[in-house]
Amino acid sequence: MTKRVSRRSFLHATAASTGIALLAGCSSSSGGGSGGAGDGGGDSSDGEDTPEHEMRDFGGWFDRTGNYDGVHDLTGQDSVTVAVGAAGNGGGYAFAPAAVRVSPGTTVVWEWTGNGGTHNVVNREDGLFESELTVSEGHTFEYTFEESGEYRYVCIPHETLGMVGVVVVE
């Protein structure tokens with residue numbers, strides 16, 4: 001005998017399992033990333049400059065950020081990619097690299113890893129750019145930086161965890 005499931009029961013079960021899956025993604029503290037940007041490399045977080053990474057303070061902007069390892073010099077490239085949801089700050093709550101230096105006219109592409117729950121990219125200071133909130137792996141958002149300066153940005157849901165970044169245009 002086949003038991004028939006009502007539409008209401010199906011929707012309740014689907015909503016409950018979706019909610020549990022989303023909460024599990026947001027509360028992960030394993031720190032295990034997808035093997036992408038920010039998962040490896042040398043540790044230059046001791047405050048010393050390296051040829052590839054200049055250490056800057058940014059007025060304490062990165063005080064809560066566990067994966068800040070200096071400003072990555074990516075000048076001379078037309079396009080630069082920053083991972084959203086990279087391993088850091090107790091889970092998939094980081095941008096990697098956290099700070100990049102680019103030339104004027106460079107397009108920065110933020111690419112979602114699918115880790116750490118729902119993220120966005122928001123320029124808090126000037127409101128120059130703001131992505132949508134999404135969890136979709138492979139989703140991208142881009143902005144072309146024309147003017148020299150320091151552009152600080154955050155993931156609003158995870159800002160207090162230290163999910164912040166900077167684009168330095170020189």
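Predicted model: local features only at pLDDT ≥ 70, side-chain atom pairs only at ≥ 80, totals over all residues.
Strands here are DSSP runs of at least two residues, numbered from the N terminus.

**The annotated site**

- An unreviewed UniProt entry gives the feature "binding site" at His119, Cys155, His158 and Met163.
- These positions are spread over 45 residues of sequence, yet they cluster in space, with a largest C-alpha distance of 9.5 Å.
- His119 counts as buried because its relative accessible area is 0%, and the cut-off for buried is under 20%.
- Leaving out residues up to four places away in sequence, His119 touches Val84, Gly85, Gly92, Tyr93, Trp112, Glu132, Leu133, Thr134, Cys155, His158 and Met163.
- Cys155 sits in the loop between E8 and E9, and Cys155 is also buried, at 0% relative accessibility.
- Beyond its neighbours within four places in sequence, Cys155 makes contact with Phe95, Thr118, His119, Asn120 and Met163.

**The nonpolar cores**

- The largest nonpolar core has 21 residues, and the members touching the most others are Phe95, Trp110, Val121, Phe145, Tyr153 and Val167.
- At least two residues of this core come from each of strand E3 (79-88), strand E4 (91-96), strand E5 (99-102), strand E6 (106-112), strand E7 (140-145), strand E8 (149-154) and strand E9 (164-169).
- Another core, of 12 residues, lies apart from it and includes Phe58, Val71, Ala98 and Val168.
- Which residues does Val167 touch, not counting those up to four places away in sequence? They are Val100, Val102, Val108, Trp110, Phe145, Gly149, Glu150, Tyr151 and Tyr153.

**Aromatic rings**

- There are 13 aromatic pairs in the structure.
- One of them joins Phe129 and Tyr143 in a tilted arrangement, at 5.0 Å centre to centre and 40 degrees between the planes.
- Phe129 belongs to the loop between E6 and E7 and Tyr143 to strand E7, so this pair ties together parts that are 14 residues apart in sequence.
- Phe129 is buried at 3% relative accessibility, while Tyr143 is partly exposed with a relative accessible area of 22%.
- Tyr143 also pairs with Phe145, this time edge-to-face, at 4.8 Å centre to centre with 75 degrees between the planes.
- Phe145 is buried, with a relative accessible area of 0%.
- One aromatic cluster takes in Phe95, Trp110, Phe129, Phe141, Tyr143, Phe145, Tyr151 and Tyr153.

**The open sheet and Val164**

- An open sheet of 5 strands runs in the order E1-E2-E5-E9-E8, with mixed pairing.
- Its edge strands, each pairing on one side only, are strand E1 (53-54) and E8.
- E8 and E9 pair in the antiparallel sense over 6 bridges, and Val154 has Val164 in E9 as its bridge partner.
- Val164 is buried, with a relative accessible area of 1%.
- Val164 and Tyr68 are 96 residues apart along the chain, and their C-alpha atoms are separated by 9.4 Å.
- Not counting residues up to four places away in sequence, Val164 touches Trp61, Phe62, Arg64, Thr65, Phe95, Ala98, Tyr153, Val154 and Glu159.

**Salt bridges**

- The structure holds 9 salt bridges.
- In one of them, Arg101 meets Glu54 with the closest N and O atoms 2.3 Å apart.
- This pair links distant parts of the chain, with Arg101 in strand E5 and Glu54 in strand E1, 47 residues apart.
- Arg101 is buried at a relative accessible area of 9%, whereas Glu54 is partly exposed at 29%.
- Arg101 also forms a salt bridge with Glu170, at 2.9 Å from N to O.
- Glu170 lies in the segment after E9 and Arg101 in strand E5, so the pair ties together parts that are 69 residues apart in sequence.
- Arg124 and Glu159 form another salt bridge, their closest N and O atoms being 2.6 Å apart.
- Arg124 is in the loop between E6 and E7 and Glu159 in the loop between E8 and E9, so these parts, 35 residues apart in sequence, are tied together.
- Arg124 is partly exposed at 45% relative accessibility, and Glu159 is buried at a relative accessible area of 18%.
- Shared partners join Glu54, Arg56, Asp73, Arg101, Glu125, Glu150, Arg152 and Glu170 into one salt-bridge network.

Note on methods
Residues numbered from 1 in each chain as written. Heavy atoms only, no water. Core = buried A, V, L, I, M, F, W, Y, C linked by side-chain atoms within 4.5 Å. Buried < 20%, exposed > 50% of the residue type's maximum accessible area, 1.4 Å probe, protein only. Helix = DSSP H or I, 4+ residues; strand = E, 2+ residues; numbered from the N terminus. Contact = heavy atoms within 4.5 Å. UniProt positions renumbered as here; feature names shortened; annotations may be inferred. Phe/Tyr/Trp six-rings, centres within 6.5 Å; stacked < 30°, edge-to-face > 60°. Pairing = 2+ DSSP bridges. Salt bridge = Lys/Arg side-chain N within 4 Å of Asp/Glu carboxyl O.
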